[in-house]
Amino acid sequence: MTALLGNAAAHAAFLAALQSGSLHHAWLLAGPEGVGKAAFADRIARLMLAQAADPTLPNGLDVPAGHRTSALMDAGSHPDFRLLSRLPKDAEKPEGELARSITIAQVRTLQPLFATLPSMSSRRVVVIDAIDDLERNGANALLKNLEEPPAGTIFLLVSHTPGKLLPTIRSRCRLLRFERLRDDDVATVLRTVLPEAEDREIEALIAAADGAPGRGLRFAGLDLSEVDQAIAAIAGDGDPDNRRRAALGKKLAGKIAQLRYEAFLDRVPAYIARAARMRSGQGLRIALDAHAAARDLAGAARGLSLDPQGTVIEMAGLVARLHDAAAMD
């Protein structure tokens, strides 16, 4: 099983609570998307269920290879474990597009489980990945279980934006905060998962990850270095005749380029933010304004399904402002 890198303080805090014998019944695993919260939830769920069934297991995050608990969880058949996440829109196409939310119907499937005692030990674990995706009425239904937790049940709620959750849910949980990883840890994760990737791709994915390996892995195989080079050229030399931004817009339009387009929406605000840190005075102000506009445009492009080609051209125009900002430093 792949080692969990980074966030050692969060890991240690949970293990200390587990070993104390007074484990809180609900935990909010909060932090940026892609930093390992879901992986930690899976690992700690295995550990809690394995230790409850076999108290002789050693301390630490890892359950021994071949242990019955892990085998059952890998097969999706552990009677005391449930994972709620977004389901495929088409049940006959499990690899297809996912539903927009976790439904109240999914939350209600937990009720028969809670009506009985755990089967293999005194403990059961429910993971919700991510609680941010839960419908409002589903959140209200879950709240009843958090207020009156079923015997032996531990809830692990993964959240990328905890500030948007119902305050009543947050107040029932103990917060476990996860942070972005260092670039060397991100590189280790990427090289482990993508052992055949070239150095150039790994470097581009590290930049795209911005401290979140899961984010970087989303863009594997997309040749992001080409996108980064185009962004850097516009920022460095400007684009007075609009040729560069028009060419980039054409490349990133169409369904076949959808993932590269999504990466571009992430890359531009991050690129401008890094550039802003090297500016001062009026140049800094221009860069900060460009960053705010790029971030807003990226959000609108996703939320409103804006035309990709037009969005790329407009976004690249914001990058071009960095050329003017450099002249004012």
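Me: Which residues touch the most other members of the largest nonpolar core?
Reply: In the largest nonpolar core, which has 45 residues, F14, W27, I44, M48 and L156 touch the most other members. A nonpolar core is a set of buried Ala, Val, Leu, Ile, Met, Phe, Trp, Tyr and Cys residues joined through side-chain atoms within 4.5 Å. Buried means under 20% relative accessible area, with a 1.4 Å probe and protein chains only.

Me: Which elements each supply at least two residues of this core?
Reply: Those elements are the helices α1 (8-20), α2, α8 (183-193) and α9 (199-209), together with the strands β1 (26-30), β3 (124-129) and β4 (153-159). The largest share, 8 residues, is supplied by α2. Helices (H or I, at least four residues) and strands (E, at least two) are DSSP runs numbered from the N terminus.

Me: What is the basis of the model?
Reply: The model is predicted: local features need pLDDT of at least 70 and side-chain atom pairs count only at pLDDT 80 or more, while totals for chains, interfaces and linings use all residues. Residues are numbered from 1 along each chain as its sequence is written, and side-chain values use heavy atoms, with hydrogens and water left out.

Me: Back to L156: what is it in contact with, leaving aside neighbours within four places in sequence?
Reply: With those neighbours left aside, L156 is in contact (heavy atoms within 4.5 Å) with F14, W27, L29, A41, I44, A45, M48, V125, V126, V127 and I128. Another core lies apart from this one; it has 26 residues, including I234, V268, L297 and V319.

Me: Changing topic, how many helices and strands does the chain have?
Reply: The chain has 15 helices and 5 strands. Its C-alpha atoms fill a box of roughly 70 × 40 × 40 Å along the principal axes. Of its 329 residues, 45% count as buried.

Me: What share of contacts between residues at least 6 apart in sequence join residues at least 24 apart?
Reply: Of those contacts in the chain, 72% join residues at least 24 apart.

Me: Which residues of α14 are buried?
Reply: G283, I286, A287, A290, H291, A294, L297, A298 and A301 are the buried residues of α14. An α-helix has 3.6 residues a turn, so residues three or four places apart point the same way. Helix α14 covers residues 281-303, 23 residues in total, and reaches 33 Å from its first C-alpha to its last, close to the 33 Å expected at 1.5 Å a residue. The expected span is 1.5 Å times one less than the number of residues. Just after α14, S305 takes a positive phi of about 50 degrees.

Me: And what follows α11?
Reply: G238 follows α11, and its phi is positive, near 75 degrees. Helix α11 (residues 224-237) has 14 residues and reaches 20 Å from its first C-alpha to its last, close to the 20 Å expected. Its buried residues are L224, S225, V227, D228, I231, I234 and A235.

Me: Is H11 buried or exposed?
Reply: H11, in helix α1, is buried, with a relative accessible area of 8%. Leaving aside neighbours within four places in sequence, H11 is in contact with L4, G6, F40, L61 and F178. The C-alpha atoms of H11 and E226 are separated by 37 Å, and these residues are 215 apart along the chain.

Me: Where does D185 lie, and what does D185 touch?
Reply: D185 lies in helix α8. Residues up to four places away in sequence not counted, D185 touches L5 and G6. D185 is buried, with a relative accessible area of 14%.

Definitions and conventions. Buried < 20%, exposed > 50% of the residue type's maximum accessible area, 1.4 Å probe, protein only.
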